[in-house]
Amino acid sequence: MPLKDVYIRNLEHRTHRSGWLRAAVLGVNDGLVSTASLMIGVAAAQASTNAIVTAGFAGIAAGAMSMAAGEYVSVSSQTDIEDADRKIEAGHLAVDPEGELEELAEIYVARGLPKELALQVAKEMHDHDALAAHLRDELGQHHKTRARPTQAAVASAAAFTLGGLIPMLGMFAPTPNGRTTTIVAITLIGLVIAGITGAKIAGTGALRPTARILLGGSLAMLVTAGIGQLVHVTIS
Ligand SMILES: [Zn+2]
């Protein structure tokens with residue numbers, strides 16, 4: 001690829017990826033941290049290998065389903081709002097096209113166009129596709145960034161499962177005592193990889209998101225291990 005094309009490629013905007021990317025990064029991160037924390041918490045209570053593995057798999061299944069349901073509901077409500085807005089806007093346009101034209105022109109004036117040009121642009125927009133212009137310039141709805149509920153649900157469930165399977169590798173540690181350490185180490189490595197990959201896809205710097213993800217993950221594991229130990233001490 002010629003250098004110029006590489007340069008242009010790197011300058012491509014990534015906002016249109018934000019919907020599923022956010023769900024995927026969140027899913028992997030969540031899967032890693034919650035499964036690892038769950039296993040560490042159970043291990044801290046001196047549980048058997050069987051119990052730790054069961055906790056891990058149950059955690060993955062529960063987390064993936066809950067992520068999928070959560071994403072579906074949250075993205076659906078977002079699209080419901082957008083659809084309702086679209087209907088209202090279409091109604092306004094049908095009832096008061098002149099008023100809507102003025103409204104659009106005012107938006108362009110507020111963005112820096114002179115009054116006359118703004119009116120001219122608004123007229124052209126109305127001739128071309130009035131509803132699309134109002135949705136975009138008045139309500140900020142963009143077709144490209146519109147999130148799809150099913151896509152978000154599947155992406156986050158798959159991502160959570162992928163993330164959750166990583167700490168499971170800690171069960172292959174040579175000694176039972178080394179398990180917790182291995183789970184923590186593997187999870188931290190996984191978080192670093194997830195952070196860097198997310199940043200790469202998003203086209204942003206990797207340092208800050210990775211540091212954020214590491215700090216949050218470590219804190220979560222620490223707190224859960226503490227609670228596991230506490231519960232073990234209290235009930236045994
Ligand atoms: Zn309008």
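**Zinc site and surface**

Mentor: Glu103 has a relative accessibility of 26%, so Glu103 counts as partly exposed; buried means under 20% relative accessible area, exposed over 50%, and partly exposed in between, with a 1.4 Å probe and protein chains only. This is a predicted model, in which local features need pLDDT of at least 70 and side-chain atom pairs count only at pLDDT 80 or more, while totals for chains, interfaces and linings use all residues. Residues are numbered from 1 along each chain as its sequence is written, and side-chain values use heavy atoms, with hydrogens and water left out.

Trainee: Which residues coordinate the zinc ion?

Mentor: Donors are N, O and S atoms within 2.8 Å of the metal (3.2 Å for Na, K and Ca); water is not among the atoms, so sites may look incomplete. The distances here run from 1.8 to 2.3 Å.

Trainee: How many residues apart are Glu103 and Glu138?

Mentor: Glu103 belongs to helix 4, whereas Glu138 is in the loop between helix 5 (115–137) and helix 6 (149–168); helices (H or I, at least four residues) and strands (E, at least two) are DSSP runs, numbered from the N terminus. The pair thus links distant parts of the chain, and the separation is 35 residues.

Trainee: Is Gln46 buried or exposed?

Mentor: Gln46 lies in the loop between helix 2 (18–44) and helix 3 (49–95), and its phi is near 60 degrees, a positive value in a residue other than glycine. Its relative accessible area is 56%, so Gln46 is exposed.
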